[in-house]
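Reader: I'd like to learn how to read backbone angles and ring contacts in a model. Could you walk me through an example?

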Amino acid sequence: LGFLTRSGMPCPSRRWIQTLLDLKMYAIALLRYNGRPVAGTMVKTFKTTVSFPYTCNRTASEDSLQATYALYWRLIQGFIAEGYEIFHSGRMPESEDVDPYRLGWGGEKHTYYYQYYPETEGQTEYRNKRGWKRTLFITCWKRMPKSLASVIGPKIVAKFP
């Protein structure tokens, strides 16, 4: 992760990913060949949408890329059978200069909205708009025992995209 970060690629920490898995907010899907993992991705479901936000392959070779395509396709087929309708694999530039599988394999395109907050020293607009109920909730949440938070946290998070 350090190499990717120094190269300018934004990467979450291992601890952050482990927290997402521990809270059951995401799952991991692996594609194996001859018993060895060849591609993997994190999977998040919400209502009728499935997201694959972080994907990795063993190498940058064409075979490895094809393994990633196969992993996505198998996941999509399984989730379609379960009734999911929208599949999202990360941000795409406006130019759509991306791998063909990410353009939906002929599916209908949907706008996907992102929320992000700039790193800043001062108060952001987001912080200024918090109401007293949210402030009270955050204060109580911080004082809650970790064991209780780990039980009810996933139930709360499951209601949000």
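Author: Happy to! Let's begin with Asn 34, which sits in the loop between strand 1 (27-33) and strand 2 (36-46). Keep in mind that this is a predicted model.

Reader: What is phi of Asn 34 near?

Author: First, the general idea: most residues other than glycine have a negative phi. Here, phi of Asn 34 is near 55°, a positive value in a residue that is not glycine.

Reader: And is Asn 34 buried or exposed?

Author: A residue counts as exposed over 50% relative accessible area. Asn 34 has a relative accessibility of 67%, so it is exposed.

Reader: Where is Lys 47 found, and what is its phi near?

Author: Lys 47 belongs to the loop between strand 2 and strand 3. Its phi is positive too, near 50°, and Lys 47 is not a glycine. With a relative accessible area of 67%, Lys 47 is exposed.

Reader: Now the rings, please. How many aromatic pairs does the structure hold?

Author: There are three aromatic pairs. For the geometry, planes under 30 degrees apart count as stacked, over 60 as edge-to-face and the rest as tilted. The ring centres of Phe 52 and Tyr 72 are 4.9 Å apart and their planes meet at 45°, so this pair is tilted.

Reader: Which parts of the chain does the pair link?

Author: Distant ones: Phe 52 is in the loop between strand 3 (49-51) and strand 4 (55-57), while Tyr 72 is in helix 3 (residues 62-81), 20 residues apart. Both Phe 52 and Tyr 72 are buried.

Reader: Which residue lies over the face of Tyr 26?

Author: That is Lys 44, at 5.8 Å from the ring centre of Tyr 26.

Methods. Residues numbered from 1 in each chain as written. Predicted model: local features only at pLDDT ≥ 70, side-chain atom pairs only at ≥ 80, totals over all residues. Heavy atoms only, no water. Phe/Tyr/Trp six-rings, centres within 6.5 Å; stacked < 30°, edge-to-face > 60°. Helix = DSSP H or I, 4+ residues; strand = E, 2+ residues; numbered from the N terminus. Buried < 20%, exposed > 50% of the residue type's maximum accessible area, 1.4 Å probe, protein only. Lys NZ or Arg CZ within 6 Å of the ring centre and 35° of its normal.
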